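Hi,

Here is the structure I said I would pass on. Have a look, and my notes follow below.

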Number of protein chains: 2
Amino acid sequence: MCGIVGYLGNRDVVEVLISGLSRLEYRGYDSAGISVMENGTVSIVKAQGRLRNLEEKLSSGSLKGQMGIGHTRWATHGAPSDENSHPHNSNNNRISVVHNGIIENYMELKDKLVKLGYEFLSDTDTEVIPNLIDFHYNGDLLEAVRETTKELKGSYALGVLSIDEPDRIVATRKDSPLVVGLGEGEYFIASDVPAVLNYTKEFVYLNDGEFAVLTKDDLSFYTNEGEKVERESTEITWSAESAEKGGYAHFTIKEIYEQPKALKDTMTSRIIPGEKIRLDDIHISKDMLTNYSRIYIVACGTAYHAGLIGKVAIENLARIPVEVDVASEFRYRNPIIDHKTLLITISQSGETADTLAVLRESQTKGARVIAITNVVGSSIAREADDVFYTWAGPEIGVASTKAYLTMLVAVYSIALHFAELLGTEETSYLEEIKKEMLTLPEKVAKILKDTTKIEHFADKIHGEKDVFYLGRGLDYQIAVEASLKLKELSYIHSEAYPGGELKHGSIALIEEGISVITSLTQRELFEKMQSNIKEVVSRGAKVMAITYEDNKDVEKYSDEVIYIPNTMDIIAPILAVVPTQLLAYYVSLYKGLDVDKPRNLAKSVTVE
Amino acid sequence: MCGIVGYLGNRDVVEVLISGLSRLEYRGYDSAGISVMENGTVSIVKAQGRLRNLEEKLSSGSLKGQMGIGHTRWATHGAPSDENSHPHNSNNNRISVVHNGIIENYMELKDKLVKLGYEFLSDTDTEVIPNLIDFHYNGDLLEAVRETTKELKGSYALGVLSIDEPDRIVATRKDSPLVVGLGEGEYFIASDVPAVLNYTKEFVYLNDGEFAVLTKDDLSFYTNEGEKVERESTEITWSAESAEKGGYAHFTIKEIYEQPKALKDTMTSRIIPGEKIRLDDIHISKDMLTNYSRIYIVACGTAYHAGLIGKVAIENLARIPVEVDVASEFRYRNPIIDHKTLLITISQSGETADTLAVLRESQTKGARVIAITNVVGSSIAREADDVFYTWAGPEIGVASTKAYLTMLVAVYSIALHFAELLGTEETSYLEEIKKEMLTLPEKVAKILKDTTKIEHFADKIHGEKDVFYLGRGLDYQIAVEASLKLKELSYIHSEAYPGGELKHGSIALIEEGISVITSLTQRELFEKMQSNIKEVVSRGAKVMAITYEDNKDVEKYSDEVIYIPNTMDIIAPILAVVPTQLLAYYVSLYKGLDVDKPRNLAKSVTVE
């Protein structure tokens, strides 16, 4: 997830681009860069890190021009560095491109271009695009871009300049957002409306596969087949600030709604039915894997909860013993670590201090380390032996939602990969899981479509002091994360228990009117869980249950039931946790709290 | 812990003995039995199980006599059975004995007696006593008992009859309680006052090593050296009911105060400085142990919390990987179990349904099972391959206290045993731990001596809704148990967190005035923990800290400090948990709750 912006008109181009990028920084801030066209030459300025670094480089004010494109990067392929920063040029510097998205077949395209004599200066997937455009260029930039996109697999929003056509910007998109802004004698492109809302209120939302060609006097749209189409523009009435959140009241709810895309991006190019799981940055052979006597998954907070599910997935599919621990405890308990240990660390930011310390100490003792992280080039990503990047895009809300869901994709993918390496499960079963995983983005979208019942329940409980979450098997690991989310967002004291453990003490807290939230997604445990629900109901609890849409029985012993689409039990957490995120969000909202920045918390915990 | 009673006088002997035993049943109910002397012959009637079984056997009313002794048993050596029931006779049936306590050197004494031609009919330690008395008998029962006790190591309260002296009962005690009751022309002996408080209010508390000789017309006391001494009797003003709890308001607090004895009993004959740990019912050789690639500790509730400490102890001392899980979750998660798996189950009652199911399923898959339990002959004890009995005595209060402390002794003993087998630690270090463990009963007694500060803190917080427990390393496992105890007894929603994990979400719940309870017993983590305490203090929390008496620094950043005697960090939980038990008790008391029987709970959970 990156931000792109483009401008063509009479204003100070650099100023417009920087202003746009500053409003897109929430989409990533690993590096920023701009290409500006002046009298037939293109100048590129890039800087690693926050936008202010780029601004410093530009502070002399000498860069001028009539048009330009800009980019703020959220690293996916290739670490944050000057070379990997956008814009990227073709080898001959005639084509300049900014790109948001992931090109899945870039390795293939790179091979082809290398054979044709092209050289590559970065580790990015993007760099294939300007060279491919250059290869296809025959005097018409639109045609060259159109030919190029025919070869691309994956997602992209593109802004393209060519010194051969110094008055045009060509833009297109597929599965990544792009809008075109219309001013008086000026045009804009941007990843979203708020980037340029201070300049114009009139926008065209580019359709998937559509092309826009911007010149000073004209704006034209073309279909995938190259046919010209008319597009009506829309007048935007949002304030610039609310629009930054894409119309959502908070980043947290925006990020909850971005989950279908985050899931899809994270599975893209990794999970392909009929093919083995492809984890390009994990280099563990069958022999190596056989040698590991144990796997530790170490993390903090929500990432630790993803680890709990990872344990179940890896033990069930690959039959390797896994132990999960919180980093701050693991470090100091003198754990048994040697060259037969495989460590998996999970950290959204890749900078979590305790997790990083565990990684370093474990490597010193001979362990190999896989990092699951959302931030390319983060300390944990750099120092790990193997990496799985969750392509969730930047997460701004302090309480993790979409990053958590993509961490689950990560642990399931690793479990499937290990099972394929070791042959511990039937191929047909693993294939079934993979196919089912690919349906999850759509199923999550379905859950997000109608939140009426969840909002209603949130309204009912938002004044309460205590809430309990119950679950058995994977439903317990869901309960643990669901409970933390409610705590973080609503400050309600919630706690999660394994259904069968409640009676060994904690049931003393259950009294008339207490709310108990539970999920039932593990079919072989339905009956046992039903007994546990009845235990709390008979003591006066009100129960909200989350279960499959074909499990209508639950209505008989619960006060409210939230249905989720049917899926395979082993991957059900990816669906079942979503209603609990929404619940936590709405409870926070109804309590009038600062949803995006809960008290006492910080997004990335870089202290111990 | 058993109950004994004796009577000599004109009342119906059987009625007095049964009445006494019924009031002693809280001390054990595995079996009961009486010996009655009538015209120079002794009749014994015994029955396994509850006292009513014995009563049924006696219902014909035909058994009569002038004096007798009775016993209700809490099995320690030998399963609950008719043969193992008391009273025990000498081979020639001339001597009959009831015994409460544990004879540590009974194996040695048995060998000696077997060589002399004595036969043994039971598995008990007790049976050596009547035979040894018989061996020493030269026409004076007092002398024979005195000679016998010179040979006994361990603890005992004894009531002895001989058909050669049909008008006398000889009684004595060492480290087990015994009182003598005085009526008009009648005398009683009993484990405690309430057993016969319906017959008399006048008592003599027998001193350690003292002997009482009861005849119809006379009651005499003798020292260990056989010198006659005068003893004043005391008038008891208690009600019979309050006295059953030994003067305590509740069984829970009584059991908390019984902990020094429970610890001592559980270590007795197992932990001896300079000798290897002796676990008679565990038959695991070094070779077998080396073969186990992993140990699971599986339990429920408080026993699970003992398991958490067991993991730390075993991993640190014996360097075998240990995983701990709650039984109701472990069963259904398809864990990796085979003949290379050693399972340790922990259950006070030995009947916990989920734990028993795990034991059976694991054995089917080839695992070997060690049971830690408080109940000899329980299902879990019978079905396990190896057993460690915690000799805590019967626990009546539903919230476990003394049983938990003895479970800790069990897991430490097993860890030390494994370390000795594998040679994973220096002998000197293991010796140091053993010696230090033997000081703990006295140190617990010291904590129990002055509870003023704890009562004060309990008073302060008893109206609160939420309390948090924090700890790092072993202090976290203490926090988990401490939190459960407060929940169970006071219904306050308390929760435990690892100190370093709080900031990953749950710190959102910390607000002005919230109470946070923490222990600091892990010296290398003091500094880290201090930071975590400051994090909550800076957000308005009131902090009660439990720490070593030499760690006065804690006063600088805590509102209240409870000091415990210094000890080795690795075994500190045995001390540090005691103030938290007291706190939970007093909070419950101040809230006016039913301390011994918290709502919704049962003592032994025999359903899933």
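In which helix of chain A does Thr355(A) lie? Thr355(A) sits in helix H12, residues 353-364 of chain A (helices are DSSP runs of H or I with at least four residues, strands are E runs with at least two, numbered from the N terminus). Thr355(A) is buried, at 0% relative accessible area (buried is under 20%, exposed over 50%, partly exposed in between, with a 1.4 Å probe and protein chains only). Leaving out residues up to four places away in sequence, Thr355(A) touches Val298(A), Ala299(A), Cys300(A), Ala327(A), Thr345(A), Ile346(A) and Ile380(A) (contact means heavy atoms within 4.5 Å).

Before the interface, the ground rules. This is a predicted model, where local features need pLDDT of at least 70 and side-chain atom pairs 80 or more, while totals for chains, interfaces and linings use all residues. Residues are numbered from 1 along each chain as written, chains are lettered from A and ligands numbered from 1 in written order, and side-chain values use heavy atoms, without hydrogens or water.

Now the interface: 59 residues of chain B contact 59 of chain A. The two chains bury about 5200 Å² between them, 49% of it on carbon and sulfur atoms (the accessible area, 1.4 Å probe, lost on being put together, summed over both). On the chain B side, His493(B), His504(B) and Asn600(B) lose the most area to chain A, together 12% of what that side buries.

There are 8 salt bridges between the chains (a Lys or Arg side-chain nitrogen within 4 Å of an Asp or Glu carboxyl oxygen). Arg599(B) and Glu511(A) form a salt bridge at 3.1 Å, N to O.

Cheers
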